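Here are my notes on this entry, as numbered points. Please read them with the structure open.

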Amino acid sequence: MAGTTQTLDISPVGRVEGDLDVRVDIEDGVVVNAWTQAELFRGFEVILRGKDPQAGLVVTPRACGICGASHLTCASWALDTAWGTEVPRNAILARNIGQLSESLQSLPRHHYALFMIDMVNKNYKDSKYFEEAVRRYSPFTGTNYEIGVTLSARPVEIYALFGGQWPHSSYMVPGGVMCAPTLTDVTRSWGILEHFRKNWIEPVWLGCSIERYEEIKTYEDFLNWLDEKPEHANSDLGMFWKMSMDIGLDKFGVGCGRYVTWGYLPNEDKYQKPTIAGRNAAMWMPSGTYDAASDSHKLMEQAFCREDMAHAWYEETGPTHPFDRVTKPIAKNPPDFNGKYSWATAVSHQDLGRLEAGPLARQLVYGGNHTESWQHHDGLVLDMYKKMGGASVLLRHFARMHEFKAIYRNIEHCLREFKLNDPWYIKPKEKDGQGWGATEAIRGALCHWIDVKDGKIKNYQIIAPTTWNVGPRNSANARGPIEEALVGTPIKDPSDPVEVGHVARSYDSCLVCTVHAHDAKTGEELARFRTA
Amino acid sequence: MANLLWLQGGACSGNTMSFLNAEEPSACDLVTDFGINILWHPSLGVELGNNLQQLLKDCVSGKIKLDIFVFEGTVVNAPDGTGTWNRFAGRPMKEWVKELSAVADFVVAIGDCATWGGIPAIAPNPSDSVGLQFLKKNHGGALGKAFKSKAGLPVINIPGCPAHPDWVSQILVAVATGRAGDLTLDEYQRPKTFFQSFTQTGCTRNMHFAYKVSSTQFGQRNGCLFYDLGCRGPMTHSPCNRILWNRQSSKTRAGMPCLGCTEPEFPFHDLMPGTVFKTQTVMGVPKELPTGVEKNSYIKYTGAAKAAAPKWAEEDMFVV
C-alpha cells in the first residue's frame, strides 16, 4: 500500500567485518530512512593506556586482522613523529611493500568472498548473467571463487618475506623495520608478484595485459575496452561490470558526495625525518578531499578531524578533535534510534562535514590538480563519476578493484629501489611527545594519535575508515555516509534484503576497528580513552 | 559430510584471514574434497538478518545437526555479565555460544582470543572477555572447567595470534576423516602434534643461539634475538619454524622476536613500560630462561658457548 512504512531490523548484515546491524524504513519497496549500528565493543585504548610506548605496535594490528599492516604503519609513523626519528630509505620501502601486499591480497579476497557471492542470490535469477554467475561465483565451489580466494593468499607471501608472517606481524618499528632482507627475499618476491599477475590479474581479472588496461583513461576508453575483445567482456572485470549494470547496481548506494583520503606510501627520499606537518608533501599517493557539489579538491590535515557523540553510546556530544577527546560512555547500551544507537562516533571535517572514506574517495582525489607533479594522478574514476551521475554500489566497487594497477606498480618500485647493503633501522631515542600516523587501509582513511608522557602511553586514539563511513547521526541529526547511501535502495524481498548487503559491502565496512572503549565498573577513568 | 558453523565474538577476523591462506587443503578444498559443509561464517556466509537467526535456531534445536562449532574471538561478558557489548543476531553472543556448544560434536577455539582471552583480555580487560574454556592460564572460561562436547572432548584450543591456517585445517581434516581419536591434547588443550615442540625448533638463528651471538638491534641479518630483543622462541610451544608462515618465513627468520603468542600469558608482562622487544634481565641474566634450563646451568653453558664460538658465528651468515 502506497505510503505505508515498513521497518526492517537486519541483524546481522554479515560479510562486513565485525557485527553490523541495520534498521531501514521502507516505503513502496524503497529505503527511505536508515540507521547503522556497530554492535561490538572490545576496548583497545583502555588497554593501551599506561603501557609501553611501543605497545601499539603489538596491540593495534590486532584491532583488525584484515588491515593489520595498515594499523602497524600508523602505529610506527605515529611513534616516529612523537620521537623525532630518522627512518632509512630501505625501511620506508619495506613498510610500503608490507602495506601494498596486504592491499593487493584484499582485492580478490573481497571481490570473490564478500562481494560477488551476492550475484548468485535468487533475487537475480531473471538476469541473463545469472547462470554464468552461479558457475563462477558460488561460495567455495564456484570456478572463479576458488581461483580468487586461493590466489589471494599469494601477495601476503611477499609480506611474510619482510615481516615473517601475515596477518599480525610487528616488523615496523620507530626508526625503521626489524628485517634486513637478502637478495633471495627480493627475487622471490618478484617471482610471487609475477605469479599473481600471470595467474589472476591478466587471465582471470582483465583478459588482457596490465599494460593494455593502463591505456584506459576515460569512461569511453573503458567501454571501448569492454567491447574490444571477447576476452575483455568475459573477464571477471567484464562480468562484474555487465551483470552489475544489468541488475541495477549503478542505480543506488549514492552516499554523501564528499570524500576524504589521508594519502599513503611515504616517498622514500622525502620522509626520512618524519613530521606531522611535512607529511602531505611527502606521499606518493596524495592526501585530499573532494566535494562533488562544488567539484573541488583540497588537502586534508589531521587538525580538521572532529568526532561527534550525540547518537553514540557516550555521554559527551562534541564535536571534539581526537587529541582532546574526553570520552564519557553510558553504562548500558540499549538501542534508541531517536537517541543513542551505536558504538561508532560521527566523524567529520571541521568545514566539509561528513565525508566518505575508502577506495572511491581515493580515486576521486587522485583525479584532482591540487597535488604535486610527482604524486600519483589518475583521472579515470573521477571521469566515470561525473559521466555516470555520481557514486553507486557499482562505481564504489569498481574504484576498489581499479586500484590494483597502482598497487602493483608500487610493489615493483619497492623491489627495484631496495639497496640491500644500506641500513634498515636507525635506533631512535625514546622521548615524550605527541605523534600522529596515517595511511590508507584498502578500505580507507586510517590514523592513530598517540600521546606519550613519562615514558608511557597517556592517550591513544584511532579513527578507522569505518568510523567515517558507518558512524551514526551527528548532533545536527545528519545521517552518516552509509546511512545516507542506504536511502534510495530498492528492496525486492524484505525477507532477504540482499540490496542492503550490497551497499554495506561496497564500503567493505570493518566494525572491528570502530569498536570503542569504556569500563562499566570504573567508567570515568577509562572513559578518557577511546580506540580501535 | 560434517556441518561446520563458525562464529566470531570479540574478534579482529585475523584467524579468518589466516585461514583463507590455507593450502593443502585450501578453504575451498575443505568443502569440495573433505565434505565439510560450512553452514555459515561471518565473512563468507550467504544469509543475513532473519534467515541467519533461523539457521542458528535450527542448529540449537537439533533440526540441523551441528558437527563442528568453531569460535574466533573472545566471549564478551560486559557490562555486568550481560554480554550486550557484543550483540549478534538479535541477542548477546555469549548466549549463542553456550547453546551452540551444547549441541556440537566438536568445539574448536581458534586464536588466542577464543582460547585464553588474548589481546582484549589484557588488564584491565575492559570488555570483561574470556576464552571458551580458559582465561589466561585459569581453567574455566565461558563454558566452565567440566565442559565436554558431545564427542567427549573438551574445547580443542588452537592458539596463536593468529592461528596458522595449517593448524586449523589439519585439525578439521582429522575430524572430517575420522581421525579425531588420534588427537592428543596438552594441559592447555592444545593439539600436541603442533604444540609440543618450540618456536625455536627450526629457527635459522639457532646456531647464533648456540654460540651466544646476539642481535643487539633490529635490522641485523645475523645473531639470536633471545639475548637482547626479548624473543620468546626457546620457551614458546609452536611449530612456526617447521610449518612456515605463508609458505615462506617466520617472525624470527625475518628478524622479529617471537612474542610467545601461542602461550596463555600472551602478551607477556601486560606490555608494561620497558618490556616490549627488550629481554628482561637480572645482573645480565635473562629473567625467563629457555624452558627447562636452570640459572646456574645457563650461566655455565652460555659462558662455554661464547668461548667456543667460531669466528664465522660473529660474521654475517645470511649475506646479500
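1. A pocket here is an open set of grid points with protein on both sides within 12 Å along at least five of seven lines. Its volume is the space filled by probe spheres set on the points. On those terms the largest pocket has a volume of about 370 Å³. Bear in mind throughout that this is a predicted model.

2. Which residues come closest to the centre of the largest pocket? They are T182(A), D185(A), T204(B), R253(B) and F318(B), out of 17 residues in the lining. Two helices each supply at least two lining residues: α8 (183–206) of chain A and α9 (251–254) of chain B. By class, the lining of this pocket divides into seven nonpolar, six polar and four charged residues.

3. Now the cavities. The count comes to ten cavities of 30 Å³ or more. The largest cavity has a volume of about 280 Å³. Its lining holds 23 residues. Nearest the centre of this cavity lie G230(B), R232(B), F268(B), H269(B) and T275(B). The lining of the largest cavity is made up of 15 nonpolar, five polar and three charged residues.

4. The interface between the chains comes next. Chain A puts 93 residues into the contact, and chain B puts in 80 residues. About 7,000 Å² is buried between chain A and chain B. Carbon and sulfur atoms give 59% of that area. Which residues of chain A lose the most area to chain B? They are F140(A), Q165(A) and M178(A), which together account for 11% of what that side buries.

5. Chain A has an open sheet of three strands, in the order β1-β2-β3, with antiparallel pairing.

6. β1(A) and strand β2 (residues 20–27) of chain A run antiparallel and are joined by six bridges. For a landmark, find T7(A): D25(A) in β2(A) stands opposite.

7. Chain B has an open sheet of five strands, and the pairing is parallel. The strand order is β2-β1-β3-β7-β11 (chain B). β2 (36–40) and β11 (156–158) of chain B are the edge strands, each pairing on one side only. From one strand to the next, the twist averages 25°. Helix α6 (residues 165–176) of chain B packs on this sheet. This helix touches β1 (2–8), β2, β3, β7 and β11 of chain B. The direction of α6 makes about 155° with that of β11(B).

8. Within the chain B sheet, look at strand β3 (residues 68–72) and strand β7 (residues 106–110). These two strands of chain B run parallel, and five bridges join them. F69(B) has V107(B) in β7(B) as its bridge partner.

9. Two packed helices are described by the angle between their axes and the distance between the axes. For helix α4 (residues 89–115) and helix α15 (residues 393–402) of chain A, the axes come within 9 Å and cross at roughly 145°. From α4(A), the contact is made by S106(A), L107(A), H110(A), H111(A) and F115(A). From α15(A), V393(A), H397(A), R400(A) and M401(A) take part. The residues of this contact divide into four nonpolar, four polar and one charged.

10. Some backbone details in chain B deserve a check. A78(B) and P79(B) are joined by a cis peptide bond, with omega about -10°. P79(B) sits in the loop between β4 (75–76) and β5 (87–88) of chain B. The peptide bond from A123(B) to P124(B) is also cis, and its omega is near 10°.

11. Where does P124(B) lie? P124(B) is in the loop between α5 (111–116) and β8 (129–130) of chain B. D128(B) also lies in the loop between α5 and β8 of chain B. D128(B) has a positive phi of about 55°, although it is not a glycine.

Terms used: Residues numbered from 1 in each chain as written. Chains lettered and ligands numbered in written order. Predicted model: local features only at pLDDT ≥ 70, side-chain atom pairs only at ≥ 80, totals over all residues. Heavy atoms only, no water. Pairing = 2+ DSSP bridges. Helix = DSSP H or I, 4+ residues; strand = E, 2+ residues; numbered from the N terminus. 1 Å grid on protein atoms, 1.4 Å probe; cavity = no way out; pocket = protein on both sides within 12 Å on 5 of 7 lines; lining within 4 Å. Nonpolar A, V, L, I, M, F, W, Y, C, P; charged D, E, K, R; others polar. Axes fitted to C-alpha atoms, helices over the stretch in contact; angles between N-to-C directions. Contact = heavy atoms within 4.5 Å. Buried area = accessible area lost by both parts, 1.4 Å probe.
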